[in-house]
Amino acid sequence: MRLNAAVALAACLVPAAAIFEDDAYHIDFHHALLGLPKHDATFFQKPYPASKASLLFTISENSTIGVVNPRDGALVWRQAPSPYASGNGLLRSGEDQDTVISAIGDRITAWSSSDGRVVWEATADGAIVQDLEILEQEDGITNVDAKDAIVLVGDGSQGVRRLDGKTGRVKWSYQDASGDVPFQVSSSPTTIYYISLHNTLLGGSKLKVTSLSPITGKKIDQYTLNSDSEIQDHEHILFAGANTAAPLLAWTDKANKVLKFNIIGTKAISTFNVPQSVVEKIVLHAPGRVNSLPHFLVEYRTATGLSAEVYHVDLKKNTISKAYSLPETTGKGTFTVSTSDANVYFTKITTEETTIVSSVSHGILGRWNVKGSPNLAGAYPVHGVSEVVVKTGKPSAVRSAVLFSNGQWALIRNGELAWTRPEFLAGAVSAAWAELPEEETLAHELEVEGHQNVVSAYFHRVQRHIRDLEHFPAWIQNIPKRVLGNLVSKPEESTIDEIQHDTFGFHKLVIVATQGGQLAALDVGSRGKVVWSIDLHQFAPEAVFQSPSVKAFRGYVEIKDSAFKGSLYVNSTTGGLLASKDIPVQPPVASEGQSLISFDLVDGILTGFLGAQSIPEAVWTFDPPAGERIIGYTARPVKDPVASIGTVLGDRRVLYKYLNPNLVLVTTVFDAARTASIYLLDSASGQILHTFSHNDVDISRPIPSTISENWFSYSLTIDSTSAATSRGYHLVVAELFESAIPDDRGPLGAASNASTLQPSAAFGDAAKPHVISQSYHIPQEISHMTVTQTRQGITSRELIVTLAATNSIVGVPRNVIDPRRPIGRDPTPSEAAEGLTRYMPIIPFDPKWHLSHRYDVVGVKEVITSESGLESTSLVFAYGLDMFGTRVAPSFAFDVLGKGFNKVQMLLTVVALFVGVLFVAPLVKRKQINTLWTI
Amino acid sequence: MLLSKLLLLPFAVASTVTVYVHSLPASHDTKSAAATLPSPTPIAQIEYDVDTSIGTLTSYTPPIGSYSSEHLLRIGLTHPKSGHWRGVVTSAASFAEQYKKKFVIHVDDKGEVYHVGFSASAKDAGDEVEVEIVKKTMGAKPQLNKPVVLNAQGKLDTDEPQKTFLQKYWWAIALFVVFQLAAGGKE
C-alpha cells in the first residue's frame with residue numbers, strides 16, 4: 001500500500017521538475033551586481049531621519065542605482081536602468097530626507113531610500129540632465145519638508161529647473177539660450193549658481209557663472225572668469241562646489257602645475273602652485289554639508305606616492321588660505337572626507353593603513369593598519385567614501401567604502417576588511433566554460449588508444465597505468481580525508497585542485513570577460529567564487545577594450561577584441577598569459593580526405609568558406625530576399641550528443657530523427673513589410689532545408705532562437721496593432737524527422753554515411769527533413785533562449801529561456817513544447833503512453849520552472865550551459881549585469897544520492913546487522929544440528 | 001488588390017532564371033589556381049510560374065571539363081540588381097550520368113528568386129533533370145480554442161435540433177397502441 005502511494009507520488013512529480021527548497025541557495029548562486037560605483041554619487045546616508053544606521057548609496061558607471069548594507073555588503077535595493085537610458089547617471093540626497101533623487105538621461109526619479117520604491121518621476125522632455133542638486137537651504141533656513149531638486153538640463157532646451165521635492169512638478173525654469181556648454185549647478189543658502197562653459201575662439205573655455213534667485217528663478221547676476229588659458233577640457237575643472245558651505249570653483253592647467261580657486265559669487269581668483277613637480281592627478285575633497293566648516297583638501301597623486309594640502313576658506317573676507325600640508329608617502333591611495341556636526345575629517349586610505357586627520361590641524365587622530373586580503377592583492381584604492389564615529393571630540397572608528405583598482409568594491413572598517421563586492425564583473429560581455437588541462441589529457445590518451453590496433457593500444461594502456469602509479473601513495477593518503485569529508489558535510493572550498501578532483505563534475509570554471517577588459521574565472525560549483533581575475537590591460541597596454549570575446553580550448557582560453565590584432569591566450573587555471581609557442585597546435589578536426597567548411601556573416605550575407613583557406617573564396621552564400629536583413633544565426637552546438645536516433649511511439653514504432661550536425665538557423669526581418677523569416681540551412685552545402693515566415697511581426701523586439709538535436713525553437717512578438725487573430729508573444733517549436741511515416745528512414749535508409757555534397761545512391765530527395773511545428777502563446781517576451789546539455793544526451797532536454805520583464809530564468813521541459821501534441825482532441829492511449837498531452841494554445845510559465853526562484857537576475861545577456869560529470873545534471877550560467885549559476889536535472893537526479901541520504905545511519909545499520917549476524921549465527925547453527933539429530 | 005493581381009497576371013507568368021556553375025580552385029594549389037579560376041558558365045535555364053509553382057527546364061548544359069569526383073563546384077545565380085553571386089556547393093560527382101539532378105528555385109513572396117538548391121539522387125524512370133519551385137512557407141500560428149458563445153439568457157447555446165412530437169413521445173404512443181391491442185381482445 002505504501003509502495004503504491006510512493007509510486008503515485010512519483011508519477012505526480014514527473015511532469016513538474018522544480019527546485020527543491022533545500023537545494024535553493026545551495027546549488028545556485030547569484031551575484032547581484034551594480035557596476036563600478038561613481039565617486040561623486042556614492043555616499044553614506046540614513047534611509048530616514050530617525051534611523052540609527054546608515055546605508056551606502058551609489059549609482060554605478062552603467063547607471064544602476066544600488067543601496068548596500070554597509071555591515072555585510074548585502075544589496076538592500078537596486079534599480080537597473082532601462083536599456084534605452086543614455087547619459088550620465090546622477091544620484092543626490094538631501095540631509096534628513098527619506099528619498100534619494102536620481103537623474104539618468106531625461107528621467108528624474110525620486111526613490112524611497114529604505115525600499116527603493118518610486119516616489120515621483122519627471123522627465124526633462126527630451127533634454128539630457130547634466131547636473132542635479134538638492135536645495136538644502138532657502139534664505140538661510142533649512143527646509144524641513146521634502147527638499148526641492150535643482151536640475152540642469154542640456155541637449156535640447158538648455159536651462160535650470162526647480163522641481164518640487166514632494167511631487168516632481170516644475171516650480172520654475174530658467175532658459176539659457178546662449179549656447180554655452182552647461183556644466184553644473186550649485187546652491188548657497190541664498191542663491192543658485194548655474195555654471196556653464198563659454199568656449200572661446202582659441203579653444204579654451206571661460207567659466208560663466210549665472211546667479212539665480214531660488215524663489216523665482218530669475219537671473220540676478222552673471223560674470224565670467226578668465227580661465228580660458230587653463231581649461232581646455234572638462235577634466236581640468238577639479239571641483240564646482242556642489243552644496244558645500246563654501247561654494248568653490250577649482251581648476252588646474254593641462255600640466256597640473258597651478259591651482260586656481262574662485263569662491264562662487266565673487267570674481268576674485270586665488271592662485272596656488274602645486275608643490276610636487278610631476279603630478280598625475282589632482283582631486284579636491286570638500287565636505288558636502290552646508291553647516292560644516294569651510295575647509296577642503298587637495299589630493300596630489302604622483303606615479304609613486306600621495307600627498308595632500310588642506311585649505312581654509314574665510315567666508316567673511318572671501319579669501320582662501322593654505323592651512324597645512326600632509327607629507328608625501330609612497331604607495332597609492334586616496335583621501336576621503338567626512339563630517340561630524342561641523343567638524344571635517346579627512347581619511348587617508350592606502351593599501352597599508354588608514355589614518356584620520358582633522359581639517360583644523362595636521363595631527364593624526366587615528367591610525368589602523370589594513371590587513372591584506374587575496375581579493376585585493378596587487379590593487380590600490382581608487383576612490384572612496386568614509387563615515388567617522390566621533391566620541392568625546394576624537395574619532396573612534398571609521399568605515400570606508402573603497403573602490404580598488406581591480407574593480408573590487410570593499411568596505412574597510414578600522415583597518416579590517418569587512419566585505420568585498422566583485423563589481424568589475426558587472427557588464428560581462430562574453431563567457432565560456434573552461435576545459436581543464438588534466439582531464440583533457442586523459443581524454444586525449446584514450447583517443448590515442450582508440451585509434452591504435454589492439455596490441456599497441458594494450459601496451460599504451462599498461463604504460464599509462466604504470467605512470468599513474470606514482471599518484472598512488474598520495475591517493476592512498478587522501479582516502480581517510482575523503483571518506484571523512486563524505487560523511488560530514490565539508491565546507492565548500494574552491495581551489496583548482498578541488499575542481500580537478502571533483503567527482504560529480506559540478507565544479508566547473510567559467511571564464512568571463514567584461515566590457516572593461518577584465519577577465520575572471522568563477523567556480524560555478526561553489527557559489528560563483530572568483531578563483532582568479534586579471535586585468536587584460538597588463539597584456540595589451542594600449543588597447544581600449546570594446547567587447548572582448550572568449551573562446552575555450554584545452555587548458556587555455558583565447559581572447560579576441562577589435563582593440564588589438566591577433567589574440568591573447570590565457571591559462572584557464574591560473575590566469576597567466578601564454579606565449580604562442582607554449583600553445584599546443586590544435587588543427588580543426590578534419591579526417592583524412594575531408595575538408596572543413598566554416599561559415600560567417602560577412603556584410604550581412606552568410607558565407608561559407610573552405611577550411612582555413614587563406615583566400616576568402618566563398619564556397620556558398622546565403623543572401624536573404626530583397627529587403628530582408630539577417631539579424632542573427634544559431635548553429636547546432638559542436639558537442640551535442642544524441643542518445644537515440646529515433647522517437648519511440650506508443651505503439652513501439654519509431655519516428656527517425658533528422659540528425660544533421662551542420663544545421664544553422666538564420667533569422668531575418670523585413671523592416672518595411674514587418675515580416676520575420678527563419679531559414680534552416682545546411683552549413684556544408686548552403687542548401688535551404690526549410691523556411692518559415694511570419695507576418696505582422698514587431699521587428700523592434702528580439703527574436704531569440706536555439707537549435708539542438710533534431711529540433712529548434714524561436715520566439716517572436718506579433719504586433720498588437722495588427723489585424724492578426726493571435727497577437728502577442730509566440731514561441732514556435734519545430735522538430736525534424738527523416739520521414740513522416742513511422743519505421744521509415746526516408747530515402748537514405750539505414751546508410752551510416754551521407755553527404756549533402758555528394759550525390760546519393762537512393763531514390764528521392766534525401767537531404768530534406770520532414771518538419772512538424774507548433775506555436776504557442778507565452779505570457780512574457782523571451783530575450784534569450786538556450787538548451788541544456790548533458791554528457792550523453794540521454795536525459796531529456798530543457799529549453800532555458802530568459803525573461804527580461806521579470807528578471808527571471810525559466811527552464812521549460814521539452815515534453816511541454818513537443819510539436820507532436822494532438823490539437824483539438826485528447827491524446828489516444830498510445831500517444832498518452834508517449835507522454836504527449838493535448839495541445840493548449842498557451843504555455844503559462846509554471847512557477848515551478850523558474851530556476852532563478854527568488855533571485856532577481858537583471859540584465860542577462862546570455863545563458864550558457866554545460867554538461868557536468870553526471871548524466872542527469874546540466875550546469876547553467878547566466879551573465880550580463882548579474883551573474884547567476886545553477887544546475888538543472890530535467891529528468892531528476894537519478895544518478896546521485898539526495899541530500900536527505902544519511903550515510904552515517906546507513907553505516908550504523910550495516911554494523912548493527914553485522915553484529916546481529918555474529919550473535920545469531922551460532923544459535924542458528926545449533927538449531928540446525930539439533931534438528932538433524934532429532935530425526 | 002485582387003484587380004491589380006489580375007492585371008499583373010500576364011506579366012507574372014513565365015519568369016526566367018539562369019543557373020550558373022562555377023568551379024572552385026582545388027584546395028592544394030590555391031594560389032596558382034586563383035589566377036586561372038574559370039568564370040561562371042550557365043548550366044541551366046529555367047522558366048517558372050510563381051502562382052502555379054511550376055518550373056520547366058528550357059536548356060541544360062552539363063559542366064564541361066574533367067574534374068575529379070571530389071572536386072567542388074558551385075551552383076548559383078547572380079543577384080538581379082547588385083550582381084552578387086549567391087548559391088550552394090556540390091561535388092563534380094553529382095553530374096555523373098547515373099544520377100538525377102534536381103534544381104530547387106527558392107522564390108520569395110514577391111516571386112523573386114533569392115536562392116537556389118541542387119541535389120542529385122539515383123535515377124528512376126523520369127527525366128534526368130528536375131526542377132522544383134519552392135515558396136516560403138508560413139510559420140505555425142497558435143491554434144486557438146473556439147470561443148464559448150452564450151445566448152441572451154447567459155446560457156450555452158446548444159445547437160441540438162428540437163425533437164419532433166413523435167420523437168419525444170413515441171414510447172407513449174407505442175404503449176397506447178400495445179395497450180389498445182392487448183385490451184381489444186375481449187369481445
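Predicted model: local features only at pLDDT ≥ 70, side-chain atom pairs only at ≥ 80, totals over all residues.
Side chains of opposite charge can pair when their charged atoms come close. Over all chains of the model, 40 salt bridges are counted. One of them joins the side chains of A:R107 and A:E121, with an N to O distance of 3.3 Å. A:R107 belongs to strand β8 (residues 107–112) of chain A and A:E121 to strand β9 (residues 118–123) of chain A, so the contact ties together parts that lie 14 residues apart in sequence. A:R107 is partly exposed, its relative accessible area being 37%; A:E121 is likewise partly exposed, at 43% relative accessibility.

A network of salt bridges links A:R636, A:D640, A:K657, A:E709 and A:R797. Within this group, the side chains of A:D640 and A:R797 form a salt bridge of 3.0 Å, N to O. The pair connects distant parts of the chain, 157 residues apart: A:D640 is located in the loop between β47 (628–635) and β48 (646–648) of chain A, and A:R797 in the loop between β57 (782–787) and β58 (798–803) of chain A. Both A:D640 and A:R797 are buried. A salt bridge also forms between the side chains of A:E709 and A:K657, at 2.6 Å, N to O. Here the loop between β53 (705–708) and β54 (711–718) of chain A, which holds A:E709, is linked to the loop between β49 (654–656) and β50 (663–670) of chain A, which holds A:K657; the two residues are 52 apart. A:E709 and A:K657 are both buried.

Strand β61 (residues 874–880) of chain A has seven of its seven residues buried and is therefore largely enclosed by the rest of the structure. In a regular strand the side chains alternate between the two faces of the sheet. In β61(A), A:S874, A:V876, A:A878 and A:G880 point one way, whereas A:L875, A:F877 and A:Y879 point the other way. Strand β60 (residues 860–867) of chain A runs antiparallel to β61(A) and is joined to it by seven bridges, A:T865 having A:V876 as its bridge partner. Six residues separate β60(A) from β61(A) in the hairpin that they form. Strand β62 (residues 883–888) of chain A is also antiparallel to β61(A), with five bridges between them; A:V888 in β62(A) stands opposite A:S874. The hairpin of β61(A) and β62(A) has two residues between the strands.

In chain B, a nonpolar surface patch of about 1000 Å² is made by B:F165, B:L166, B:Y169, B:W170, B:W171, B:I173, B:F176, B:V177 and B:L181. Of these residues, B:L181 lies in helix α3 (residues 165–183) of chain B and is exposed, at 65% relative accessibility.

Notes. Residues numbered from 1 in each chain as written. Chains lettered and ligands numbered in written order. Heavy atoms only, no water. Salt bridge = Lys/Arg side-chain N within 4 Å of Asp/Glu carboxyl O. Helix = DSSP H or I, 4+ residues; strand = E, 2+ residues; numbered from the N terminus. Buried < 20%, exposed > 50% of the residue type's maximum accessible area, 1.4 Å probe, protein only. Patch = residues over 30% accessible without salt bridge, like charges linked within 9 Å, V, L, I, M, F, W, Y side chains within 5 Å. Areas by Shrake-Rupley, 256 points an atom, 1.4 Å probe, with all protein chains shown as cover. Pairing = 2+ DSSP bridges.
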